[in-house]
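This briefing goes through one protein structure by topic. Please look at the sequence and the structure first, then read the points below.

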Amino acid sequence: MLLISCPYCGERPEIEFSYGGQAHLARPARPAELSDDQWAEYLYVRSNPRGLHAERWRHARGCGRFFNALRDTTTDQFAATYKIGERPPG
């Protein structure tokens, strides 16, 4: 069983969490001024690197809070988790 460390609750089983997408994405300052193509790129285009990747997760069946995680996409192992607004470790 994969264990994920919630920064608020500690280590819990994977089944308690839900994936929330790529972390550290900034919403456009003036979304009404974007073209349809620019808006579509913001909504749907994400990086999908091989290796370490910053992601947003939610402890859905626990505290309900969102947090960020560094996860290796090749091994599915979590290198670190940290609260929203904090800088990634390392």
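What follows covers the sheet, the aromatic pairs and the charges over rings.

The structure is a predicted model, in which local features need pLDDT of at least 70, side-chain atom pairs count only at pLDDT 80 or more, and totals for chains, interfaces and linings use all residues. Residues are numbered from 1 along each chain as its sequence is written, and side-chain values use heavy atoms, with hydrogens and water left out.

**The sheet**

- An open sheet is formed by four strands in the order β3-β4-β5-β6, with antiparallel pairing.
- Strands (E, at least two residues) and helices (H or I, at least four) are DSSP runs, numbered from the N terminus.
- Two strands count as paired if DSSP finds at least two bridges between them.
- In general, strands of a sheet pair through backbone hydrogen bonds, either parallel or antiparallel.
- At the edges are β3 (18-22) and β6 (77-83), and each of them pairs on one side only.
- Strand β3 pairs with β4 (residues 52-58) in the antiparallel sense over three bridges, and Ser18 stands opposite Arg58 in β4.

**Aromatic pairs**

- There are four aromatic pairs in the structure.
- Rings of Phe, Tyr and Trp (its six-membered ring) pair if their centres lie within 6.5 Å; planes under 30 degrees apart count as stacked, over 60 as edge-to-face and the rest as tilted.
- One of the pairs is Tyr19 with Trp57, which is edge-to-face at 5.5 Å centre to centre, with 75 degrees between the planes.
- Tyr19 lies in strand β3 and Trp57 in strand β4, so this pair ties together parts that are 38 residues apart in sequence.
- Tyr19 is partly exposed, with a relative accessible area of 47%, while Trp57 is buried, at 9%.
- Buried means under 20% relative accessible area, exposed over 50%, and partly exposed in between (1.4 Å probe, protein chains only).
- Ring pairs also link Tyr19, Trp57 and Phe78 into a cluster.
- Trp39 and Tyr42 form a tilted pair, 5.4 Å centre to centre and 35 degrees between the planes.
- These two residues, Trp39 and Tyr42, are three apart in helix α1 (residues 36-44), so about one helical turn separates them.
- Trp39 is partly exposed, with a relative accessible area of 27%.

**Charges over rings**

- A charge sits over a ring if NZ of Lys or CZ of Arg is within 6 Å of the ring centre and within 35 degrees of the ring normal.
- Arg46 lies over the face of Tyr42, 5.8 Å from the ring centre.
- Arg65 has its charged end over the ring of Tyr8, at 4.2 Å from the centre of that ring.
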